[in-house]
Amino acid sequence: MGILEVKGVNKRFGGLQALGDVNLSVQENTVHAIIGPNGAGKSTLLNCLVGKLIPDTGSVMFDGQSVLGRKPHEINQMGISRVFQTPEIFSDLTVMENVLIPCFAKRDGAFRMHAYESVASEKEVIERAEAMLEDVNMLDKRHMHSASMSRGDKRRLEMAMCLVQEPKLLLLDEPTAGMARADTNNTIDLLKEINEKRDITMAIIEHDMHVVFSLAERITVLAQGTPLVEDTPENIKGHPKVQEAYLGQ
Ligand code: ADP
Ligand code: MG
């Protein structure tokens, strides 16, 4: 059984069937890519995993528990974190301040140390934040204002903000969209480093096949809201159904 099990998920928007009977099983500590042409339903599927959308039918189980009917912040507390297409950071704050925010996220109507309830002191939280920045090679930039950073550095900072919450599953929706090749390659290296250093599962939606084949251990191909194939990158390359889905775009 995977850490994430999606079974028979359907989602309609009026007359449009965005997801039709989607099954997906993501194994713990793997990098699983979800690919498919524009409009295939990738973002809709991801939104169903984080509580932004509720499937019409089907089940979504994470770590043995259903996510359906839970609010996005509750799903986040279960251990699912999401990285947005455009890095979601606070540009008026420094790098360090940005990483401290998710450590003190609002919860149950009171400010508490999110994910760090067992950590005794503020000093320890700061040390954890610094260790996280070191992991993403941003420690030397901790006093910088984030507005002036490159897109690649913003992505690194956003990853630190996610990882400091110690998620079990990281969801990434086109993390390299709009990036220059150098920043894309930096992001690939960063995700590889994170995957090696930490016990973390990643589900990545990605258009760029270079990124997909550099990172993924399993690939699910979605087309018109339905999974076409799920296999290893070797078997996906040159798969006739995949070629057809992309050529039919
Ligand atoms: P992808 O991320 O694979 O490009 P999406 O999941 O964004 O695809 O979209 C799948 C289909 O659902 C598309 O036809 C899109 O236009 C439609 N769609 C997505 N979100 C909505 C929405 N909120 N309301 C109506 N239609 C939507
Ligand atoms: Mg999308």
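The model is a predicted one, and residue numbers count from 1 along the chain.

Start with the overall layout. The chain splits into domain 1, made of residues 1-79 together with 167-249, and domain 2, which covers 91-165. Taken over C-alpha atoms, the centres of domain 1 and domain 2 sit 26 Å apart. Where the two domains meet, 10 residues of domain 1 are in contact with 11 residues of domain 2. On the domain 1 side of that meeting place, helix 6 is the biggest giver, with six residues. Sorted by class, the residues on this side of domain 1 come out as six nonpolar, two polar and two charged.

Strand 1 (residues 4-13) and strand 2 (residues 16-26) run antiparallel and are joined by seven bridges. Strand 1 has another antiparallel partner, strand 4 (residues 57-62), to which it is joined by five bridges. Here K7 has S59 of strand 4 as its bridge partner.

Strand 11 (residues 218-223) and strand 12 (residues 226-231) run antiparallel, with five bridges joining them. A223 is paired with T226 of strand 12. Two residues lie between strand 11 and strand 12 in this hairpin, and Q224 takes a positive phi near 50°.

Now for the ligand. Around ligand 1 lie F13, L16, A18, G36, N38, G39, A40, G41, K42, S43 and T44. Strand 2 and helix 1 (42-49) are the elements that give two or more residues to this shell. Of these, helix 1 gives the most, with three residues. By class, the shell around ligand 1 holds four nonpolar, six polar and one charged residues.

Helix 1 deserves a look of its own. Six of its eight residues are buried, so helix 1 is largely enclosed by the rest of the structure. The buried ones are K42, T44, L45, N47, C48 and L49. K42 and T44 also belong to the set of residues surrounding ligand 1. After helix 1 comes G51, which has a positive phi, near 85°.

Last is helix 5 (residues 151-163). From its first C-alpha to its last, this helix of 13 residues reaches 18 Å, close to the 18 Å expected at 1.5 Å a residue. Helix 5 is mostly covered, with 11 of its 13 residues buried. Those buried residues are D153, K154, R155, R156, L157, E158, M159, A160, M161, C162 and L163. What do the buried residues of helix 5 pack against? Their neighbours are strand 6 (80-83), helix 3 (95-103), helix 4 (122-135), strand 9 (169-173) and helix 6 (181-197).

Key
Chains lettered and ligands numbered in written order. Predicted model: local features only at pLDDT ≥ 70, side-chain atom pairs only at ≥ 80, totals over all residues. Pairing = 2+ DSSP bridges. Helix = DSSP H or I, 4+ residues; strand = E, 2+ residues; numbered from the N terminus. Expected span 1.5 Å × (residues − 1). Buried ≥ 20, exposed ≤ 12 C-beta atoms within 10 Å, placed from the backbone. Contact = placed C-beta atoms within 7 Å. Domains from an automatic or database assignment. Nonpolar A, V, L, I, M, F, W, Y, C, P; charged D, E, K, R; others polar. Near = placed C-beta within 6 Å.
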